[in-house]
Amino acid sequence: MVQKALEKAEDEAQKVLTHAKEVSRIPVVQPVAKDMERSVTIAERSVNLGNLARKMELFLSNPSLTKIIFTEQDFNNELDLREVKMRAAERRYGVDAPILIIANEKGARKHVEELETKAEKRIAEKSEKEEKGFFEKIGSWFKKVDDFLASSLNFLKYLDPTRYLNYINPLYHSNDEMNKEISTNWLTKDYLGEVSERFARTPPYLSVEDRSFFDKGDDSWGRDRNSVGLYFHDTNHIFISEEVRIENDRRKTITHEQLHYASFLGGGHSIRFLEEGRDSPREFGDVKWLHEGLTELHAQQLVRAHGYPPGYVSYPAETTTGFYMQQLVGEEALRKAYLTGDFTEVRDIINKKLGEGTFEALLKMDKGVEALKFLVEKLKAIGIDTSEWNKNVIVSRAGAI
Amino acid sequence: MSLIELMKTKEYKDADKKVKDWKERLSKANNSEVMKVKDEKLAFFSEMRKSNQDLYSIFEINDKELSELIYEKLTGKKVIID
């Protein structure tokens, strides 16, 4: 009976994966039919998430999900299948509900191997025909490698990306290593403070995608081909564009996205502070320009501290404003506020130095350049000279002043 | 011209007005209105990015903010777009 249920479940898994194959992992907002969108979302979430515990957490917390895809690997590494089934079924449907689907991982691996063999054969056949000269040979070799990777990656997009991408492509392997290095060695307990434990337990998952993937996203939200990094909260998934080719810039982009996640975990996306005479904090919510400015500032400082100076500064006005704030309140106080959302200390110091209500006024600004102008005027009014600050490499590279 | 000086220009003031208008419309928009805002802001910021990169660097934060809002309105999901 169990065998039958699993066979049925596997059929369903194939259907879901077929949907996932047909459309991008970024859900196409319109005009995809609702059912299809939901299936894709389920497949996307399931195959993209890195571990069984996280899949379970997502499944149990989201009533709109009706299926969950596990791989054999999940069970080798972690929980017992029966325990998972019991936990999920009891919570959602009653113990007999057929909610488990086992993805056909062996089949997927076989397919990858076939692709590899085919590609190697094609490379060998082409080589014989194209031996016309040294430079032509070199050129065709690169093209063949590109073709091979393109055909393999096309397939891999709808399977568990990390495992297979790392298996085939050294570029992806190096990015995955980079992602781990940053989350383990750079975003340490000392750096992250109280957020570190949760961050270490569920580090973000990284994929490198080509322009076509980012274009689909940009089409959905209306941007002109200029996104290079994405962080999806519900799947804890970072996407980096393969167009960010220089290692230092790639490290900066990955660090930037990981910091978004760390801050998200700690509550840093919602700014609040305690005022004298009040028991509950005053909430300011998500102040985008400040959050991005501080994310970029901390990413820039981290990559530079580890010897990888990036070639550019994103969000120049926002980052410069963040830097000025850091000079006023100190590194530790600002980082703690950024990671937890508790800006009480930052607010107190800024208001003490620049006048009551200054911090609140800053938060009401719509963009970084407005905040920067306001801050510069305030600093000038009390006689603080920013010329030394402006010599800082991040401020000068930002070019906002 | 520094970014702060750019704030004095007519282009800045016009763009700022548009951003405020889009935010206001998005706050109470249905799906088709969201799509309209999406198309308008795509056309506007694409042109700005080509013609005046410094000005775009000021408004990039608003472009991103509106994009995230549009995506959340249409899918119910949060994303950070950089």
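In helix H3 of chain B, Asn31(B), Val34(B), Val37(B), Lys38(B), Lys41(B), Phe45(B), Met48(B) and Arg49(B) meet residues of helix H4 of chain B, namely Gln53(B), Leu55(B), Tyr56(B), Phe59(B), Asp63(B), Leu66(B), Ile70(B), Lys73(B) and Leu74(B). Two residues are in contact if their C-beta atoms, placed from the backbone, lie within 7 Å. By class, this contact of H3(B) with H4(B) has 10 nonpolar, two polar and five charged residues. Ala, Val, Leu, Ile, Met, Phe, Trp, Tyr, Cys and Pro count as nonpolar, Asp, Glu, Lys and Arg as charged, and the others, Gly among them, as polar.

The model is predicted: local features need pLDDT of at least 70 and side-chain atom pairs count only at pLDDT 80 or more, while totals for chains, interfaces and linings use all residues. Residues are numbered from 1 along each chain as its sequence is written, and chains are lettered from A and ligands numbered from 1 in the order in which they are written.

**Helix packing**

Two packed helices are described by the angle between their axes and the distance between the axes. Axes are lines fitted to C-alpha atoms, for helices over the stretch in contact, and angles run from 0 to 180 degrees between N-to-C directions. Helices (H or I, at least four residues) and strands (E, at least two) are DSSP runs, numbered from the N terminus.

| Helix pair | Angle | Distance between axes |
|---|---|---|
| H3(B) and H4(B) | about 160° | 10 Å |
| H15(A) and H19(A) | about 35° | 7 Å |

The angle makes H3(B) roughly antiparallel to H4(B), a term for angles over 145 degrees. The crossing of H3(B) and H4(B) is left-handed, and that of H15(A) and H19(A) is left-handed; in such a crossing the near helix is turned anticlockwise from the far one by less than a right angle. From H15(A), Ala317(A), Glu318(A), Thr320(A), Thr321(A) and Tyr324(A) meet Gly368(A), Val369(A), Ala371(A), Leu372(A) and Leu375(A) of H19(A). The contact of H15(A) with H19(A) divides into six nonpolar, three polar and one charged residue.

**Contact between the chains**

Chain A gives 35 residues to the contact and chain B gives 29 residues. On the side of chain A that touches chain B, H19(A) supplies the largest share, five residues. That side of chain A has 16 nonpolar, 10 polar and nine charged residues.

Four strands form an open sheet of mixed pairing, in the order E3(A)-E5(A)-E4(A)-E1(B). Its edge strands, each pairing on one side only, are E3 (205-209) of chain A and E1 of chain B. Two strands pair if DSSP finds at least two bridges between them. E4(A) and E1(B) (residues 79-81) run antiparallel and are joined by three bridges, and Phe232(A) stands opposite Val79(B) in E1(B). Between E4(A) and E5(A) (residues 237-241) there are four bridges in the antiparallel sense, with Gly229(A) opposite Ile240(A) in E5(A).

**Confidence in chain A**

The predictor's confidence in each residue is given by pLDDT, from 0 to 100. Chain A has a mean pLDDT of 72, and 57% of its residues reach 70 or more. Among the elements of chain A, strand E2(A) (residues 100-102) has the lowest mean pLDDT (35) and H15(A) (residues 316-329) the highest (98). Over residues 89-109 of chain A the pLDDT is below 50. It also stays under 50 over residues 148-169 of chain A. Where pLDDT is low, the predicted coordinates should not be read in detail.

How values were computed. Angles under 35 degrees count as roughly parallel, over 145 as roughly antiparallel, 65 to 115 as roughly perpendicular and the rest as oblique.
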